[in-house]
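Hi,

Here is the structure I promised to pass on. Have a look at it first, and then read on for what turned up in it.

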Protein chains: 2
Amino acid sequence: MRDANRYGVRAMITVLAGGVGAARLLTGLVQVHPADDITAIVNVGDDLELHGLHISPDLDTVTYTLAGAIDPERGWGLAGETWQAMATLGRLGGETWFNLGDRDLGTHLYRTARLDAGATLGEVAAEIAHGFGVDVRILPVTDDRLRTRVTVVDPAPDGDGTDTHEVAFQRYFVARAHAVPVTAVRFDGAAATRPAPGVLEAIAGAERVVIAPSNPIVSIDPVLAVPGVRDAVTARRDDTVAVSPIVAGAALKGPADRMLTELGFEASVVGIARFYAELAATLVIDRADAGSAEAVEATGMRCVITDTVMAEPGVAASLARAVVAGRAS
Amino acid sequence: MRDANRYGVRAMITVLAGGVGAARLLTGLVQVHPADDITAIVNVGDDLELHGLHISPDLDTVTYTLAGAIDPERGWGLAGETWQAMATLGRLGGETWFNLGDRDLGTHLYRTARLDAGATLGEVAAEIAHGFGVDVRILPVTDDRLRTRVTVVDPAPDGDGTDTHEVAFQRYFVARAHAVPVTAVRFDGAAATRPAPGVLEAIAGAERVVIAPSNPIVSIDPVLAVPGVRDAVTARRDDTVAVSPIVAGAALKGPADRMLTELGFEASVVGIARFYAELAATLVIDRADAGSAEAVEATGMRCVITDTVMAEPGVAASLARAVVAGRAS
């Protein structure tokens, strides 16, 4: 496997990653590339503290997916999960809007205890990956506090008009089921963060930098908001490949399409190309968008057309091959 | 039920409580007395913070037992418990010496979230009792931080001699399975604590104050260590009844017998009488210790002899009747 790619023995691949879409691409990459030559730089903007626990949803989704432990139906949390702690919490009238399975809770207990003991988020992420038998190097983009905050438009409490206010990301994504309009997104604390150890080196030293098919606004942008990361990726533009999270004008999962439109972007592969044109030389789009290839290339990006919908078996691996090669396989 | 006692309508009973023994006596009391006229003032010296969560073992044992939700085999934690979170924690190499069931975790999540939101331990205890349908008023002795610390004698790491050092209570009780000698017990922070709202009033206003058959040294003494509580109980000596946790020279559960001996007390009903003589006018002892009644009374306490081993059905209620009456029923 180690020789089954065009880079020879130590071809490093670095992936900027959100949650589900990135995790699926990573499962493809480990099928065509040695896992320990792959680094995932993961969004922490949707982390939260709840019930005293530090929860890192994207880090866990990437780890659980690569471990083959993810719940395949939900796409988050662990397979075979039970919900006893939540049942007690509900009985007591506690906050149950953010579902935490019993197995999953063990991860949050572990992370919280280790952080309390002085470990960094990155050290803990590595320990959790090791515990789940994952060889991909999983790095939070920063060990520091960065929190995505979303300005949402709620129906007014009196039913008359609307009520616009800023909430923590998960209050938008989970508590509101991302079903309300968004007028702004902000990465609280980002300016004061530093890249986690290894992040800039993984970008600078990779043969291929990949922008995963994650939500550009709330998964990739918070990664780029850590000072130094955007510049590091821009410096690798020629070797950077983005995978469009938009297929035929829609997000495969989550609110990326509506969010792009609401924030003044175009919910299409062309909109994605404009979003990433300064960062990546190549955009991978789905065959469903083949008709937009010319418009994508007009943004200054090379366009690679292949299957990108990773719901079906084999697609993640073939997409991963295309991403590594920078051309359709 | 409300009239089925000698006090008439509002006969308040206040119980100084540790964990299992106190909880069992309370289940007897609610059979012979209106639950909402009973106040339990509960030890918090064995509370701990673990994995970011605030855990209050004695408060939970009392609540779960009165709710009929306690695991009857273990005597702690919830019936029908599962251990999935612990399994994940173990897989990750986390600290698993303090077992936390999945159902039970919901209580700790709730308590931690409410404390983080600014609620007091007493407010949270009341909410948890309400959530479990418990009408007994359950008060922590203090809302402030009080931690029992135990000086233990471990085998030296090199196998030669011993190693004496002070550890948090649960590091003695659970992690060492209370199987090592104890040379001292200290209630860290006690001097700076205040009684929780309602504690002193519940002692002053009760027709009967009860010292439950809990460990005198690590369950009752930390309750008395909160400034004002010992004096409040002493002022009610005539109406205070203690139940001996020692039967025929042994503790029914836990290390009270060894601990008494190690710390210079006598592990007998006479030792218990000396321990409580200034606080309580009456000591309830088991029939097995009837031969010691005279020696008990020599300490200045009245002695009541009845069945006190609450493992068998009916004993908790008959013991409760004797405690309320201040005489064998």
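In strand 13 of chain A, A:Leu283 is the bridge partner of A:Ala242. That bridge belongs to the pairing of strand 13 with strand 10 (residues 240–243) of chain A, which is parallel and runs over three bridges. Please keep in mind throughout that this is a predicted model.

Strand 13 of chain A also pairs with strand 14 (residues 302–306) of chain A, again in the parallel sense, over five bridges. Here A:Val284 has A:Val304 of strand 14 as its bridge partner. How much of strand 13 (residues 282–286) of chain A is buried? Five of its five residues are, which leaves the strand mostly covered. A:Thr282, A:Val284 and A:Asp286 point one way, while A:Leu283 and A:Ile285 point the other way, and all are buried.

Still in chain A, have a look at a pair of helices. Helix 1 (residues 20–32) and helix 2 (residues 57–66) of chain A pack at an angle of about 35°, and their axes are 9 Å apart. The crossing of these two helices of chain A is right-handed. On the helix 1 side, the residues that meet helix 2 of chain A include A:Val20, A:Ala23, A:Leu26 and A:Val30. Helix 2 of chain A brings A:Thr61, A:Val62, A:Thr65 and A:Leu66 to the contact. By type, the contact residues of the two helices are seven nonpolar, three polar and one charged.

Next, where the chains meet. On the chain B side, 28 residues are in contact with 28 residues of chain A. Helix 3 (84–91), helix 4 (102–116) and helix 5 (121–131) of chain B each supply at least two residues of the side that touches chain A. Which of the helices of chain B gives the largest share? Helix 4 of chain B does, with 10 residues. That side of chain B is made up of 11 nonpolar, 11 polar and six charged residues.

Chain B also has an open sheet of three strands, in the order 7-6-8, with antiparallel pairing. Strand 7 (162–168) and strand 8 of chain B are the edge strands, each pairing on one side only. From one strand to the next, the twist averages 20°. Strand 6 (residues 147–155) and strand 7 of chain B are joined by seven bridges, and B:Val152 stands opposite B:His165 of strand 7.

A few backbone details may interest you too. B:His51 is not a glycine, yet has a positive phi of about 55°. B:His51 sits in the loop between strand 3 (48–50) and strand 4 (53–55) of chain B. B:Ala177, also not a glycine, has a positive phi of about 50°, and lies in the loop between helix 6 (169–175) and strand 8 (182–188) of chain B. Are these residues buried or exposed? B:His51 counts as buried because 26 other C-beta atoms lie within 10 Å, whereas B:Ala177 counts as exposed because the number there is 10.

Lastly, helix 13 (residues 315–325) of chain B has buried residues that include B:Leu319, B:Arg321 and B:Val323. Among the elements covering the buried residues of this helix are strand 1 (13–17) and helix 1 (20–32) of chain B. Just after helix 13 of chain B, B:Gly326 takes a positive phi of about 75°.

Happy browsing!

Notes: Residues are numbered from 1 along each chain as its sequence is written. Chains are lettered from A and ligands numbered from 1 in the order in which they are written. This is a predicted model: local features need pLDDT of at least 70, side-chain atom pairs count only at pLDDT 80 or more; totals for chains, interfaces and linings use all residues. Axes are lines fitted to C-alpha atoms, for helices over the stretch in contact, and angles run from 0 to 180 degrees between N-to-C directions. Helices (H or I, at least four residues) and strands (E, at least two) are DSSP runs, numbered from the N terminus. A crossing is left-handed if the near helix is turned anticlockwise from the far one by less than a right angle, and right-handed if clockwise. Two residues are in contact if their C-beta atoms, placed from the backbone, lie within 7 Å. Ala, Val, Leu, Ile, Met, Phe, Trp, Tyr, Cys and Pro count as nonpolar, Asp, Glu, Lys and Arg as charged, and the others, Gly among them, as polar. A residue is buried if 20 or more other C-beta atoms lie within 10 Å of its own, exposed if 12 or fewer, and partly exposed in between; C-beta atoms are placed from the backbone. Two strands pair if DSSP finds at least two bridges between them.
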